Every structure is written in structure tokens, then in C-alpha cells.
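Welcome! Let's walk through a protein model together, one question at a time.

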Amino acid sequence: MKTVVRKIIAVSAYYLGIDALFYWLNRKAKRIITFHHVLPDEYFRFDLPNGVSNSESEFRKIINAICKRYKFSTDLWDVNTCTITFDDGYLNQYEVAAKVLAEKSIPAFLFVAGDLINSTEPLYVDKLLHWVQDKYGKDASKIWANEFWPRFLRGDKINFDYDALVAKMDKNYYSIRMTGVSEQQLDDLRNRGWKIGWHTRSHRPLSSMHEDVVRHELNSPMEYRSVCLSYPFGNKVEVGGLAPIVAKEFGYPCAVANTNAEPITLYSLPRMSLSADELLIDFELSGFKYFLKYGKLLPKV
């Protein structure tokens with residue numbers, strides 16, 4: 001029911017000119033858009049592990065919709081352009097997403113987790129998400145939210161048989177969804193104008209870590225550290241108070257978080273995600289949805 005109401009509000013806002021008004025009111029707010037996986041349509045499934053993913057066709061729709069309003073750049077301060085970012089560093093972001101963007105000569109940011117580089121093994125969180133989905137099926141999202149996410153956020157050790165799950169996976173899905181990018185592929189993206197930043201080493205919540213572990217997670221090679229940092233998950237509860245201090249100390253010029261992770265500083269630049277539903281994109285991109293939820297305009301950098 002909430003989805004239906006949201007769509008009615010979104011369509012009404014578009015035809016009544018409310019979206020246009022909020023584009024104007026938020027004209028000084030930078031749009032930094034966050035994406036994760038972009039999977040070929042035949043391998044995409046809307047389930048717990050891919051809840052923040054898009055199919056290739058959905059991704060094309062979102063990019064085409066943004067094109068109607070903005071040009072693109074990797075300048076995080078230019079409010080007249082939109083900046084596309086990806087987190088994690090999986091093969092689909094190179095093989096699928098980058099190829100779609102190349103058709104329109106759009107550069108982007110890729111924030112890569114160090115443990116994924118040159119790796120055929122996915123991040124721990126993706127192992128766990130796939131295992132929960134396989135074990136609990138239609139109840140996976142509820143059980144994840146109520147049981148496993150709190151344990152993961154605390155840093156608890158969770159035992160599960162991931163090897164048995166891999167044996168059942170489609171090999172092509174595993175390759176595109178669970179395999180990390182290579183250093184050579186990252187260099188190729190850099191040569192195409194992409195910015196390659198850091199997304200910690202293990203992609204675990206920084207808020208549950210001791211200081212020495214936070215420092216290890218953020219201690220990246222200079223070619224990543226000189227670009228920007230992206231915190232895993234991006235909300236205050238996962239980032240904590242120490243990580244921004246260490247990021248500044250290590251010389252990162254900035255760090256990106258989520259739109260609602262205020263106060264906005266160089267080390268909590270706001271990003272937003274966009275729905276794959278074309279009826280909702282202007283509702284979200286204009287900032288009207290944010291206004292209805294938080295009672296204020298989009299945060300400014």
C-alpha cells in the first residue's frame with residue numbers, strides 16, 4: 001500500500017510542477033548517486049542479496065532519466081553536474097555498468113574494497129546475505145533485519161556453510177556477481193576517466209571496530225587514498241565517530257556517506273540512491289521525497 005501511495009504522490013508532484021519547484025529549490029545541492037551491482041537481466045533477481053542492485057535494463061532507465069536533467073562529471077563540488085558512484089568493486093561494475101556508461105561517455109567513481117581486488121571470493125557480507133537467502137527463502141529479509149543484521153553490526157562471529165551454497169550457484173552468476181575486479185581492470189577504468197577510491201578492506205561496519213582495526217581498514221595505498229573514501233553502509237550507526245577522524249588524519253580529501261548522515265562535512269558528503277521505477281525518479285532526484293521525509297531541502301556540500 002505504501003508503494004501505491006508513494007507512486008500517486010510522485011505522479012501528482014510531476015504533473016502539478018512540484019518536482020520542478022524542488023529542482024529549483026535544491027539547485028545548489030550536489031547530486032551524488034550511489035549504485036552497487038548492475039547485473040545482466042538474465043541473472044538479476046530481486047532478493048535479499050541483491051536488494052540494492054539493479055538489472056542492466058533498470059540501470060539504463062535510471063541513467064537516461066538523469067540525462068534529461070543533468071550532465072555528468074566526477075567533480076564532487078559541481079552542483080550543475082551529477083556524479084555517479086559505485087561501491088564494492090565487483091566484476092559486474094566493470095563488465096556491465098562501465099560499458100553502459102561508456103555508451104554515453106560518462107565517467108564515474110568506483111569505491112573498491114581492498115579484499116576484493118584480484119579476488120575470486122566475495123566479501124563476507126555477500127557470503128552471509130546469500131546464505132540467509134538460501135536458508136530462509138521468502139522470510140530471508142525479515143530474518144536478516146531482525147536477527148543477522150544486528151549480529152553483523154556488532155561484529156559477532158556467525159558460522160554458516162558457504163561452500164555448500166557455492167556448489168549450488170550458477171557459475172555465470174557467481175562470476176559476474178561474486179568475483180572482484182582486477183588491478184588491470186581498475187587501471188583501465190582510470191584511463192577512461194574514472195576515479196577509483198577506497199571502500200575499506202573488508203567492508204564491515206566501522207562503528208564496531210577498535211581503533212587499530214579502523215586504522216587498518218582505512219590504510220589504503222596512496223592511489224586510492226588520494227581520491228576519496230566511501231564508508232561501508234554509510235549511515236551513522238555503521239560509520240561511527242572514529243572513522244571520519246582517521247580518514248582526515250590519513251589524508252583522504254573527502255568521504256561519502258548517505259544523504260541523511262548529517263552534519264554534512266568533507267568527511268560525510270551526501271549521496272542518494274534512485275528507484276528503478278521511472279515514476280519515482282524525478283520525485284527522488286528533485287529532493288521532494290527527501291523534503292516529505294525529513295521536512296527540509298537536500299543537504300548542500
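This is a predicted model: local features need pLDDT of at least 70, side-chain atom pairs count only at pLDDT 80 or more; totals for chains, interfaces and linings use all residues.

Residues are numbered from 1 along each chain as its sequence is written, and side-chain values use heavy atoms, with hydrogens and water left out.

Q: How much space lies in the largest pocket?
A: A pocket is an open set of points on a 1 Å grid over the protein atoms alone, with protein on both sides within 12 Å along at least five of seven lines. Grid points are joined across faces, edges and corners, and a volume is the space filled by probe spheres set on the points. For the largest pocket, that space is about 1500 Å³.

Q: Which element gives the most residues to the lining of the largest pocket?
A: Lining residues have an atom within 4 Å of a point; the largest pocket has 46 of them, with T34, H36, G51, V52 and S273 nearest its centre. Elements are DSSP runs numbered from the N terminus: helices (H or I) of at least four residues and strands (E) of at least two. Those supplying at least two lining residues each include β1 (31-35), β5 (81-88), α5 (124-136) and α14 (278-285). The most, five residues, come from α15.

Q: How many charged residues are in the lining of the largest pocket?
A: Asp, Glu, Lys and Arg count as charged; Ala, Val, Leu, Ile, Met, Phe, Trp, Tyr, Cys and Pro as nonpolar; and the others, Gly among them, as polar. By these classes the lining has 21 nonpolar and 15 polar residues, and the charged ones number 10.

Q: Which element gives the most to the lining of the second largest pocket?
A: The second largest pocket holds about 330 Å³ of space. It is lined by 15 residues, and Y14, K68, E278, L279 and D282 are the closest to its centre. Two or more lining residues come from each of α1 (2-15), α3 (56-67) and α14. With five residues, the top contributor is α14.

Q: What is the volume of the largest cavity?
A: A cavity is a set of grid points where a 1.4 Å probe fits but cannot get out. There is one cavity of 30 Å³ or more. Its lining includes A29, K30, T259, M272 and P299, and β1 and β10 (269-271) each give two or more residues to that lining. The volume is about 60 Å³.

Q: How far from C82 is the nearest cysteine sulfur?
A: A disulfide is counted when a pair of cysteine sulfur atoms lies within 2.5 Å, and the count here is zero. C82 is buried (under 20% relative accessible area) because its relative accessibility is 0%. The nearest cysteine sulfur belongs to C67, and its distance is 9.0 Å.

Q: At which residue does α6 bend?
A: The expected span of a helix is 1.5 Å times one less than its number of residues, so the 15 residues of α6 should span 21 Å, in agreement with the 19 Å between its end C-alpha atoms. A bend is the angle between axes fitted to the seven residues ending at a residue and the seven starting there. In α6 that angle is about 45 degrees, with the proline P150 following within four residues, and the bend is at F148.

Q: Is S105 buried or exposed?
A: S105 is in the loop between α4 (91-102) and β6 (109-112). Although not a glycine, S105 has a positive phi of about 55 degrees. Exposed means over 50% relative accessible area, found with a 1.4 Å probe and protein chains only. At 65%, S105 is exposed.

Q: Is T200 buried or exposed?
A: T200 is in the loop between β7 (195-198) and α10 (211-218). T200 also has a positive phi, about 70 degrees, without being a glycine. With a relative accessible area of 0%, T200 is buried.

Q: How far apart in space are W77 and V301, C-alpha to C-alpha?
A: W77 is in the loop between β4 (71-72) and β5. W77 and V301 are 224 residues apart in sequence, and their separation in space is 7.1 Å.
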